[in-house]
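Thank you all for coming.

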Amino acid sequence: MALDDDIRVLSTVRLFEGFTNEQLRLLAFGAESIDIPAGAEIYREGEIAETAYVVITGRVRLYRQRNGEVVSLGSAGTGAM
């Protein structure tokens, strides 16, 4: 994805509201773009996260486990962190 495309997506992330175009450019330049395969676990509830992800394409399923059952909380798409 081109740098300008990354900047456009980052500008839609609520956390980055108020960032200037130059600040978004620096953030996009320093970010790493990765593909995560379907079904891969990104975070586990209760664990410390060492990074943040912004969804560029696709959707991320959000769920938690209660009493051994998977409870769906919804999903997040493009621009979600």
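Predicted model: local features only at pLDDT ≥ 70, side-chain atom pairs only at ≥ 80, totals over all residues.

Is Tyr43 buried, partly exposed or exposed? Tyr43 has 41% relative accessibility and so counts as partly exposed, where buried means under 20% relative accessible area, exposed over 50% and partly exposed in between, with a 1.4 Å probe and protein chains only.

Residues are numbered from 1 along each chain as its sequence is written, and side-chain values use heavy atoms, with hydrogens and water left out.

The structure holds two aromatic pairs, a pair being rings of Phe, Tyr and Trp (its six-membered ring) with centres within 6.5 Å, and planes under 30 degrees apart count as stacked, over 60 as edge-to-face and the rest as tilted. Phe16 and Phe19 form a tilted pair, 5.2 Å centre to centre with 50° between the planes; Phe16 is buried at 10% relative accessibility, whereas Phe19 is partly exposed at 36%. The rings of Tyr43 and Tyr53 have their centres 5.7 Å apart and their planes at 65°, so this pair is edge-to-face. Tyr53, at 29% relative accessibility, counts as partly exposed.

Turning to the lining of the largest pocket, its residues by class are 25 nonpolar, six polar and nine charged, where Ala, Val, Leu, Ile, Met, Phe, Trp, Tyr, Cys and Pro count as nonpolar, Asp, Glu, Lys and Arg as charged, and the others, Gly among them, as polar.
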